[in-house]
Amino acid sequence: MTTVDPAERDLVRRAVDGDQRALTEVVERLRDPLYRLALRMTGRPADAEDAVQEILVRVLTRLSTWRAEAALTTWAYRVGANYLISLHRRSAQEEARLGLDDFGADLREGLAAADHRGPEATLLAEEVRLTCTQAMLQCLSREERVAFVLVDLFGLSAADAAWVLDITPEAFRKRGERARARLGAFLRSSCGVAERSAPCRCRRRIGRAVELGRIDPAAPVYARHPVTPGGRTVEEAAAQLGRLRDVAAVIAAHPDYAAPEDRVAAVTRVLRSGRFPLLD
């Protein structure tokens, strides 16, 4: 397990003792990583916004139970993963029971004969790519999805990720291998970003995606999503694809999305309202 920074121990102690500045710093540290976890698991910003608000409340009201057995963010991932795996609300792919084979067949339908042209072509191609890689994850089971996200996208060690999910390292290894194998086979057979010989091209998918309502040219969801100050932008994420083309790189090449300010502020108001025993 990762060694815990003594400064982090002190920060949490002060927050639990009622130091409002320390509590604010804890929220600032955790808000965006937890939002990105929720976004990868739910597949839609609106659902991720609801989820991260609930997760932050759970994390902060349980903060006194943190025993520094893992880094604070890793511990918060454990709270978040437990909530997200058991979430009653389902994504569109989960509702439709859409698997990777079905999704691949869907991508091959309606491809234009030539690349989309126009001043917004690059932006819309990025929106297609970002939307598509989110949808790929939704075709995995929740258990496979969170295993892939924690290690291959967020960079946790296998030992830390197994602890987050409260399973044995061997069980975690099997989940991760299964997720990587399934996604790898899909990308090689379908995705031109990952495999040049594969049929789908983002610029040739734009028209169909607009027609199906999967992207909105007037209001791109992912390509114009706010990012963490100093974090990776859409352009930087896209540039990553020029250097790396493995499974994790293709799906990880998203900006460092930021949690909505209004949801984070709402959590702070709730905790200070007296409705919950603060940090109990």
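Glu211 and Arg208 form a salt bridge, with their closest N and O atoms 3.0 Å apart. The model is predicted: local features need pLDDT of at least 70, side-chain atom pairs count only at pLDDT 80 or more, and totals for chains, interfaces and linings use all residues. Residues are numbered from 1 along each chain as its sequence is written, and side-chain values use heavy atoms, leaving out hydrogens and water.

**Exercise 1.** Find where Glu211 and Arg208 lie.

*Solution.* Start with the term: a salt bridge puts a side-chain nitrogen of Lys or Arg within 4 Å of a carboxyl oxygen of Asp or Glu. Helices here are DSSP runs (H or I, at least four residues), numbered from the N terminus.

**Exercise 2.** Work out which helices the Arg182–Glu144 salt bridge ties together.

*Solution.* First, the closest N and O atoms of Arg182 and Glu144 are 2.7 Å apart. Arg182 lies in helix H10 (residues 169–190) and Glu144 in helix H8 (residues 142–153), so the pair ties together parts 38 residues apart in sequence. Finally, check accessibility (buried is under 20% relative accessible area, exposed over 50%, partly exposed in between; 1.4 Å probe, protein chains only). Arg182 is partly exposed at 32%, while Glu144 is buried at 6%.

**Exercise 3.** List what Leu187 contacts beyond four places in sequence.

*Solution.* Take contact as heavy atoms within 4.5 Å. Leu187 then meets Met136, Ala194, Glu195, Ala198, Val247, Val250 and Ile251.

Conventions:
Helices (H or I, at least four residues) and strands (E, at least two) are DSSP runs, numbered from the N terminus.
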